[in-house]
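Dear colleague,

Here is the structure you are taking over. My notes on it follow below.

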Amino acid sequence: MDGNVVFALLLTLFAGLATGIGSLLSLLTSRTNTKFLSVALGFSAGVMIYVSLVEIFVKAKDSLVAELGETNGYWMTLVGFFGGMFVIAVIDRLIPTLGNPHEVKSVEDMDVKLSNPEHTKLMKMGVFTALAIGIHNFPEGIATFASALQDPNLGIAIAIAVAIHNIPEGIAVAVPIYYATGSRKKAFKLSFLSGLAEPVGAFVAYLVLMPYLNGVVFGVVFAAVAGIMVFISLDELLPAAKKYDETHSSIYGVVAGMLVMALSLVLLA
């Protein structure tokens with residue numbers, strides 16, 4: 001296996017396992033640092049939006065224009081971009097409301113006293129949330145892998161952004177599971193396992209895409225990656241950042257994420 005492929009797979013594994021960090025934060029601390037999460041989620045959204053529209057979309061278009069010509073190449077880029085948005089939107093629609101990974105949770109939620117029926121409901125919620133996050137992480141894994149394969153520096157930035165975005169998802173799994181079982185071990189294990197869908201997505205992308213990788217396939221996949229990441233930022237990261245927000249820290253995080261991404265693209269070019 002090529003060294004670049006191994007590096008891309010390891011980056012995706014790192015991003016996916018950040019759900020375990022969220023789980024540990026919820027299980028080992030007594031209070032949720034809402035300001036930190038708000039800034040971090042905003043930062044992640046800023047990185048994803050900037051790099052998707054300024055870097056990934058442009059590279060996808062250049063590749064497709066070189067292969068298909070100016071007009072057809074641009075149209076195919078748009079098909080890939082909005083097709084990626086459509087795929088992640090369909091995945092969102094198929095996820096049951098009970099296991100919605102976008103539901104903001106906090107460590108303080110563990111202090112609430114529950115009846116037996118409520119315990120059962122929360123256990124079900126935690127399992128559904130873990131499954132939902134697993135399904136959701138699959139295309140994110142493909143996005144991280146494809147980016148890292150094309151440009152390792154770009155892949156590192158995206159992996160960090162995805163990892164930050166996975167932290168509250170880990171909390172979303174761990175809190176209801178801990179609630180329902182009283183077991184930190186079970187809560188951490190299920191949260192940790194839900195993140196493994198990301199490297200699995202990357203490995204599937206490697207097996208399916210690598211034999212057919214050419215300018216057109218790369219361009220379409222890269223355009224879809226841009227669409228997926230913009231959708232995730234607008235649908236998940238920014239709303240979650242605002243829910244954790246106390247002042248304007250989330251928008252400061254967005255601007256900081258864009259600035260850091262812009263500087264890194266210039267300095268590492």
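Among contacts (heavy atoms within 4.5 Å) between residues at least 6 apart in sequence, 89% join residues at least 24 apart. This is a predicted model, in which local features need pLDDT of at least 70, side-chain atom pairs count only at pLDDT 80 or more, and totals for chains, interfaces and linings use all residues. Residues are numbered from 1 along each chain as its sequence is written, and side-chain values use heavy atoms, with hydrogens and water left out.

The protein chain has 10 helices and 0 strands; these are DSSP runs numbered from the N terminus, helices being H or I of at least four residues and strands E of at least two. Of its 269 residues, 51% are buried (under 20% relative accessible area, 1.4 Å probe, protein chains only). The accessible surface is about 12400 Å², with 69% belonging to carbon and sulfur atoms (Shrake-Rupley method, 1.4 Å probe).

An unreviewed UniProt entry lists residues 36-54 and 215-238 among its "transmembrane region" segments; such annotations may be inferred rather than shown by experiment. Residues 36-54 are 100% helix, with end C-alpha atoms 27 Å apart. Residues 215-238 are also 100% helix, and there the end C-alpha atoms are 33 Å apart.

The axes of α1 (residues 3-16) and α8 (residues 197-209) come within 7 Å and cross at roughly 155° (lines fitted to C-alpha atoms over the stretch in contact, angles from 0 to 180 degrees between N-to-C directions). The pair is therefore roughly antiparallel (over 145 degrees). Residues in this contact include Leu 9 and Leu 13 of α1, and Phe 203 and Tyr 206 of α8.

Regards

Notes. Angles under 35 degrees count as roughly parallel, over 145 as roughly antiparallel, 65 to 115 as roughly perpendicular and the rest as oblique. Buried means under 20% relative accessible area, exposed over 50%, partly exposed in between (1.4 Å probe, protein chains only).
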